[in-house]
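Here are a few friendly notes to read alongside the model.

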Amino acid sequence: MKSTANAKLILLHPSIHKQALSAPTAATGVATLSPRRWLFSFLTFFTLAFTLTLINSTFSSSAATRHSTGSPGSGSTALPNPVSSALLHYAAADKNSTKPHMSTAELSSIAAALSPCAPACNFLIFGLTHESLLWRALNHRGATVFLHENEFQVSKFEQSNPGTEAYDVQYTTKVSEMKELLFQAKSQADNECKPVQNLLFSECKLGINDLPNHIYQVPWDVILVDGPRGYNAASPGRMSAIFTAGVLARSKCGKWNLKTHVFVHEMGREVERIYSEEFLCRENLVESVDSLGHFVVEKVMEGNGARFCKNSS
């Protein structure tokens, strides 16, 4: 057994070493740092600088993204012109489809209206037609929403084209009711059928108020009325679609683009012509191409006694 009588105990106090390492020199009076502390300080400074740079770059990138997607005319990722031209050409030239076709001039007119905000326009379309896939392609990064009268066709279209946003609309009007509905809407132009309102809560018979809520909150850049069908007196006419398009344009949300391009197809028919003149207005007609009417409707501030048209027919 080892004896501990002559054992010596040595204590190392940490404060002695700290004072020795950081004590000022007699010559300079400045504290000196060990190499380990120099390394720690350098790494701390480098980490802090890198973190600040990364945060600044992230915020700058986010701001640029918001600007490019939120302001009109940012088309850096739009389809190349040859691709757009080819799509327009083949959509007009396809003779195998049994659906009615738009002419090349009509297609080009709508494509030109999409161009300033492409490829991220807000594009609302009444009707599923031969050109539906064309509209989705031209506005491939934007919000393209289809509204159609037939629930089965909407479901089939969505299944065939994953990612498509389409909704069925239960129209309660008929072509034979055209004059009666027009008279009723004009008599209620100061209340239920006024040009600036939230259609979600509208009691106007011409207003479509059963769409998903977000449809009424989107600032639509372009609206195309190419449905529902209106080929006979018993079929749903486009009276409600044209009235709703006029109200959506005048009640537009947002501050960036206060104008909405509204297109009405088959303007040679009585319903389309009369209702466009009444709710989209002759003074807003900027172009007529074949059977396509092109209107530019401006946002109107609520509560100023606004009417649909300056000169109502």
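1. Let me start with helix α8, which lies across β1, β4, β5 and β7 and runs at about 170 degrees to β4. A word on conventions: helices (H or I, at least four residues) and strands (E, at least two) are DSSP runs, numbered from the N terminus. Axes are lines fitted to C-alpha atoms, for helices over the stretch in contact, and angles run from 0 to 180 degrees between N-to-C directions.

2. Please keep in mind that this is a predicted model, in which local features need pLDDT of at least 70 and side-chain atom pairs count only at pLDDT 80 or more, while totals for chains, interfaces and linings use all residues. Residues are numbered from 1 along each chain as its sequence is written, and side-chain values use heavy atoms, with hydrogens and water left out.

3. The sheet itself is open and has seven strands in the order β3-β2-β1-β4-β5-β7-β6, with mixed pairing; two strands pair if DSSP finds at least two bridges between them. β3 (165-168) and β6 stand at the edges with a single partner strand each, so one side of each has no neighbour in the sheet. From one strand to the next, the twist averages 15 degrees.

4. Both senses of pairing can be illustrated. Strands β1 (residues 122-126) and β4 (residues 222-225) pair in the parallel sense over four bridges, with I125 opposite L224 in β4. Strands β6 (residues 285-289) and β7 (residues 292-298) are antiparallel, also over four bridges, and E287 stands opposite H294 in β7. β6 and β7 form a hairpin with two residues between them, and D290 in the turn has a positive phi of about 55 degrees.

5. Back to α8 (residues 239-250), which packs with α9 (residues 270-279) at an angle of about 25 degrees, the axes being 9 Å apart. That makes α8 roughly parallel to α9 (angles under 35 degrees count as roughly parallel). The contact (heavy atoms within 4.5 Å) is made by M239, I242, F243, G246 and R250 of α8 and V271, E272, Y275, S276 and F279 of α9.

6. Do have a look at E272 in helix α9. Is E272 buried or exposed? E272 is buried, with a relative accessible area of 2%; buried means under 20% relative accessible area (1.4 Å probe, protein chains only). Leaving aside neighbours within four places in sequence, E272 is in contact with R238, I242, V264, H265, E266 and M267.

How values were computed
Parallel < 35°, antiparallel > 145°, perpendicular 65-115°, else oblique. Buried < 20%, exposed > 50% of the residue type's maximum accessible area, 1.4 Å probe, protein only.
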